[in-house]
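Subject: Structure handover

Hello,

Here is the structure you asked about. Please open it alongside this email, then read on for the findings.

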Amino acid sequence: MLRELNLYPQWVRRNQPAPVAEEQAAVEIPVEAKTPQLDKPAPVAVVVPEAPVEAMPKTVESPVKSPLVESTPEADKLSWPQLKQQVRDCTACKLRAGCTQTVFGIGDEQADWLFVGEGPGADEDALGEPFVGEAGKLLDNMLMAIQLKRGRNVYIANVVKCRPPENHNPASEEISACLPYLQRQIELVQPKLIVALGKVASNALLGKDATLASLRGIQHDYHGIPLVVTYHPAYLLRSPSEKVKAWQDLCLALKMRGGDA
Ligand code: SF4
């Protein structure tokens with residue numbers, strides 16, 4: 001498992017300033033002196049910090065239905081083909097005008113694991129598939145680390161299906177417009193666990209406006225489906241020192257699935 005993660009020690013100068021956080025400063029979780037990385041060639045055996053999932057507070061939060069759902073296209077009774085067609089034809093928000101194509105989602109439509117990101121970037125917009133390019137490679141490594149593989153018992157989707165210009169966070173009205181598509185995808189997939197990648201996906205699914213740091217390390221609940229929050233792979237590429245926390249989140253996710261990938 002650790003070989004798949006390409007974990008190896010990273011030495012950081014003691015007085016080096018901390019990387020700019022995706023949101024506010026994340027809660028520090030004690031780790032060993034050796035910090036693993038996920039995207040570099042794996043050397044031999046390393047001492048990997050035991051993820052302190054035992055110490056993580058385990059609370060189940062009430063599912064919150066987004067109040068914005070009502071303003072969106074009706075998607076709650078659509079079949080897979082109907083839903084795909086509706087997304088393809090959708091012009092419900094202004095993101096459609098600026099993107100090449102909609103990016104629906106990909107993977108096993110009866111998967112136990114659902115990974116949800118924020119929205120397509122340039123590579124995804126060009127190829128019509130979520131999480132391609134460097135962030136996609138890192139997500140694939142994260143999947144392999146817990147013995148999962150894209151397309152095999154895994155479904156991957158985004159909150160918004162059209163690329164926000166210049167990779168800006170989607171606006172709340174754009175999230176509101178697109179969220180029913182994701183909600184219908186979840187209803188159709190019926191995953192056993194959801195991993196929300198980044199603050200936008202986490203807040204959209206949980207109906208919150210919270211920092212990622214405050215949402216990590218806790219077992220959430222999305223309409224009866226366990227949900228874990230972790231960093232978006234694109235953020236981890238910018239802040240590799242945070243990968244150890246992503247590893248802890250994956251360990252929590254595995255634990256919630258009973259260690260069964
Ligand atoms: Fe429709 Fe979603 Fe694209 Fe907006 S982002 S146009 S709601 S598919």
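A word on terms before the findings: helices here are DSSP runs of type H or I with at least four residues, numbered from the N terminus. Please also keep in mind that this is a predicted model.

**The ligand site**

Start with the ligand. Its shell consists of Cys90, Ala92, Cys93, Leu95, Arg96, Lys161, Cys162, Ala177, Cys178 and Tyr181. Eight of the shell residues are nonpolar, two are charged and none is polar. The ligand takes up the space of the largest cavity.

Which helix gives the most to this shell? Helix 6 does, with three residues. Helix 6 spans 172-189, and helix 3 spans 95-98; each supplies at least two residues of the shell.

Next, look at strand 2, residues 113-117. Five of its five residues are buried, so strand 2 is largely enclosed by the rest of the structure. The cut-off for buried is under 20% relative accessible area.

In a regular strand, side chains alternate between the two faces of the sheet. Strand 2 can be read that way: Trp113, Phe115 and Gly117 point one way, while Leu114 and Val116 point the other way. Residues on both sides are buried.

Strand 2 has two pairings to check:

- With strand 3 (residues 154-158), strand 2 pairs in the parallel sense over five bridges. Here the bridge partner of valine 116 is alanine 157.
- With strand 4 (residues 193-197), strand 2 also pairs in the parallel sense, over four bridges. Here valine 116 stands opposite alanine 196.

**Glycine 198**

Now move to the loop between strand 4 and helix 7 (199-206). Glycine 198 has its place there. Is glycine 198 buried or exposed? Its relative accessible area is 2%, under the 20% cut-off, so glycine 198 is buried. Glycine 198 and valine 116 are 82 residues apart along the chain, yet 8.7 Å separates their C-alpha atoms.

**Helix 2**

Last, helix 2, residues 80-89. Its buried residues are Trp80, Leu83 and Val87. These cover an arc of only 65° around the axis, which puts them on the same side of helix 2. On the other side, Pro81 and Asp89 are exposed.

Best wishes

How values were computed
Residues numbered from 1 in each chain as written. Predicted model: local features only at pLDDT ≥ 70, side-chain atom pairs only at ≥ 80, totals over all residues. Heavy atoms only, no water. Near = heavy atom within 4 Å. 1 Å grid on protein atoms, 1.4 Å probe; cavity = no way out; pocket = protein on both sides within 12 Å on 5 of 7 lines; lining within 4 Å. Sits in = over half its atoms within 2 Å of the grid points. Nonpolar A, V, L, I, M, F, W, Y, C, P; charged D, E, K, R; others polar. Buried < 20%, exposed > 50% of the residue type's maximum accessible area, 1.4 Å probe, protein only. Pairing = 2+ DSSP bridges. Arc of directions from axis to C-beta.
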